[in-house]
Amino acid sequence: MKIEESDIVETNDYRVIIYPASRPLETKEAKVITEKLYDFLSTWAAHGKPLSSSFKIEKNQFIIICVDEEKEMASGCSIDALGKIMREIDAEYQLGLFDRMKASFIENGEVKTLKLIDFKTKIRNGELSKDIQVFDFSKNTYLDFLSHFILPFEKSWAATIK
């Protein structure tokens with residue numbers, strides 16, 4: 001099931017897990033990753049009970065996994081299983097999915113990613129315009145993702161950089 005086709009996306013309990021890649025996916029990579037995630041999510045379960053889940057690749061760089069925890073809660077073991085498949089994808093394509101020390105933003109209509117320290121330095125030095133939009137990977141519900149995943153600089157976490 002695709003997120004867009006789901007009838008449950010309008011609930012706050014639809015849990016979101018965001019895996020940000022350090023670079024855009026190539027067409028072949030996106031196709032293989034899509035197939036692997038469809039296969040994995042079709043059998044994803046918590047304590048033997050199927051999890052109602054979906055995913056999408058946002059901006060060709062961010063893998064968004066959703067699970068309807070009103071139906072069944074994702075357990076530690078099921079989250080570990082998701083982590084395992086994501087680590088395999090990360091290792092195969094060198095995407096940096098588990099590197100949380102980076103910042104992604106939109107500048108002149110293009111998604112860019114920098115090491116967090118470089119991003120902060122460029123903001124402090126005025127090398128990056130404050131007209132950028134910044135991605136927030138901390139969103140954990142689908143509604144929060146829809147409304148706050150990409151924010152203008154001044155409304156984002158990056159506005160606190162001094």
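**Exercise 1.** In which kind of crossing, left-handed or right-handed, does helix 1 pass helix 2? Work out the packing of this pair too.

*Solution.* A quick note before we start: this is a predicted model, where local features need pLDDT of at least 70, side-chain atom pairs count only at pLDDT 80 or more, and totals for chains, interfaces and linings use all residues. Residues are numbered from 1 along each chain as its sequence is written, and side-chain values use heavy atoms, with hydrogens and water left out.

Step 1: find helix 1 at residues 27-43 and helix 2 at residues 76-93; helices here are DSSP runs of H or I, at least four residues, and strands are E runs of at least two, numbered from the N terminus.

Step 2: the axes (lines fitted to C-alpha atoms over the stretch in contact) sit 11 Å apart at an angle of about 165°. Helix 1 and helix 2 are therefore roughly antiparallel, the label for angles over 145 degrees.

Step 3: helix 1 passes helix 2 in a right-handed crossing, meaning the near helix is turned clockwise from the far one by less than a right angle.

**Exercise 2.** Which residues of helix 3 are buried, and what do they pack against?

*Solution.* Step 1: in helix 3 (residues 116-124), pick out Leu116, Phe119 and Ile123; buried means under 20% relative accessible area.

Step 2: these residues cover an arc of only 60° around the axis, so they lie on the same side of helix 3; the arc is taken from the directions from the helix axis to the C-beta atoms.

Step 3: their packing partners are strand 6 (102-107), strand 7 (110-115) and strand 8 (133-135), with contact meaning heavy atoms within 4.5 Å.

Notes:
Axes fitted to C-alpha atoms, helices over the stretch in contact; angles between N-to-C directions. Parallel < 35°, antiparallel > 145°, perpendicular 65-115°, else oblique. Buried < 20%, exposed > 50% of the residue type's maximum accessible area, 1.4 Å probe, protein only.
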